Amino acid sequence: MKVIEMNLIEARGVKFSYDTKPVLRDINLTVHKGEVVSLLGPNGSGKSTLLKVMLGLLRPSAGSIRLKGTEIARIDAKAVARQIAYVPQTHKGTFSYKVIDVVLMGRLPHKPFFFSYNRKDRDIAFEKLDRLSISHLAERPYTELSGGERQLTLIARAMAQGAEIFVLDEPATGLDYGNQLRLLEQIIKLSREGYTFIKSTHSPEHAFWLGDRSVMIKEGVIIGDGKTEAIIDQESLHTLYNAKVSVMKVNGSLRVCVPHVITNHTRMTVKSEKDEIMFLPLNL
């Protein structure tokens with residue numbers, strides 16, 4: 001069982017505007033070591049902006065971001081990069097770098113202006129690939145990987161960077177169901193080893209699968225923050241997305257979100273050895 005102990009990132013009274021348009025309004029958020037925090041909200045709610053502010057890429061118009069107690073604006077960019085890594089949405093990339101070369105790029109924050117990769121760098125890169133069970137991809141061109149393989153490669157790069165905090169902006173976008181599950185399994189595994197994840201998502205189901213903690217943001221304001229199973233329910237999802245959904249427990253623990261477009265004639269059941277997940281009609 002993982003132990004959550006240290007405050008890693010703190011947003012204190014954070015506000016941010018693009019020109020005269022307020023995007024974040026008095027955000028207070030503390031992320032602890034080993035947590036997986038799912039950031040939920042509709043398009044335009046401020047999720048991506050909050051992630052960029054927490055990475056130090058954008059400076060808040062008011063308030064502050066603290067990394068282990070120190071304002072991030074006062075920390076050297078390379079020192080920040082050795083602690084926080086950004087994993088973007090899946091993309092194909094432009095150049096046909098080998099996977100090992102992409103992962104080696106994570107060593108840049110540890111290098112002077114003029115440098116070459118040494119044996120230690122390569123050992124670290126291969127070790128991270130092995131940790132994620134993708135060492136067999138080392139010599140493959142990054143542009144030829146599947147979406148899930150690309151995301152795992154980017155996580156390996158972040159690990160090679162030496163970071164213990166990963167910020168992921170909708171990492172499962174564009175991935176098929178199997179790759180989504182494999183990606184989420186790796187996030188759970190790494191969090192148990194002490195890595196911390198802050199990720200935005202449009203999928204409450206992903207937040208349920210990951211468990212841990214969810215933060216709901218709407219119109220730049222945090223409207224919910226706590227244990228995922230405690231704060232995600234039919235009412236909160238309606239408030240967040242203005243969508244009619246049903247959230248139910250299966251076998252006392254698993255919750256499933258059901259779109260309201262399912263008709264009274266629709267029923268689909270997926271069975272496994274442990275759970276029976278039923279998509280049932282709603283009483284509209």
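**Entry 1: helix 9**

The model is predicted, so local features need pLDDT of at least 70 and side-chain atom pairs count only at pLDDT 80 or more, while totals for chains, interfaces and linings use all residues. Residues are numbered from 1 along each chain as its sequence is written, and side-chain values use heavy atoms, with hydrogens and water left out.

Helices (H or I, at least four residues) and strands (E, at least two) are DSSP runs, numbered from the N terminus. Helix 9 spans residues 234-241, and within it I found Ser236, Leu237 and Leu240 buried. These residues cover an arc of only 95° around the axis, which puts them on the same side of helix 9; the arc is that of the directions from the helix axis to the C-beta atoms. Buried means under 20% relative accessible area, exposed over 50%, and partly exposed in between (1.4 Å probe, protein chains only). After helix 9 comes asparagine 242, with a positive phi near 55°.

I then traced an open sheet of four strands, in the order 2-1-4-5 and with antiparallel pairing. Its edge strands are strand 2 and strand 5 (70-71), each of which pairs on one side only. Two strands pair if DSSP finds at least two bridges between them.

Strand 1 (residues 7-18) pairs with strand 2 (residues 21-32) over eight bridges, and I noted valine 31 as the bridge partner of isoleucine 9. The two strands form a hairpin with two residues between them, and aspartate 19 in the turn has a positive phi of about 55°. Strand 1 also pairs with strand 4 (residues 62-67), over five bridges. Here alanine 11 has isoleucine 65 as its bridge partner, and lysine 15 has alanine 62.

**Entry 2: salt bridges**

A search of the whole structure gave me 13 salt bridges, each a side-chain nitrogen of Lys or Arg within 4 Å of a carboxyl oxygen of Asp or Glu.

Lysine 33 pairs in this way with glutamate 164, the closest N and O atoms being 3.7 Å apart. The pair links distant parts of the chain, 131 residues apart: lysine 33 is in the loop between strand 2 and strand 3 (36-40), glutamate 164 in the loop between helix 5 (147-160) and strand 7 (165-169).

Aspartate 121 forms a salt bridge with lysine 111, with 2.4 Å between the closest N and O atoms. Aspartate 121 is in helix 4 and lysine 111 in the loop between helix 3 and helix 4, ten residues apart. I recorded both residues as buried.

Which residue forms a salt bridge with glutamate 127? The partner is arginine 131, at 3.4 Å between the closest N and O atoms. Both lie in helix 4, four residues apart, about one turn of the helix. Glutamate 127 counts as partly exposed at 33% relative accessibility, and arginine 131 as partly exposed at 23%. Salt bridges that share partners join Glu127, Lys128, Arg131 and Glu193 into one network.
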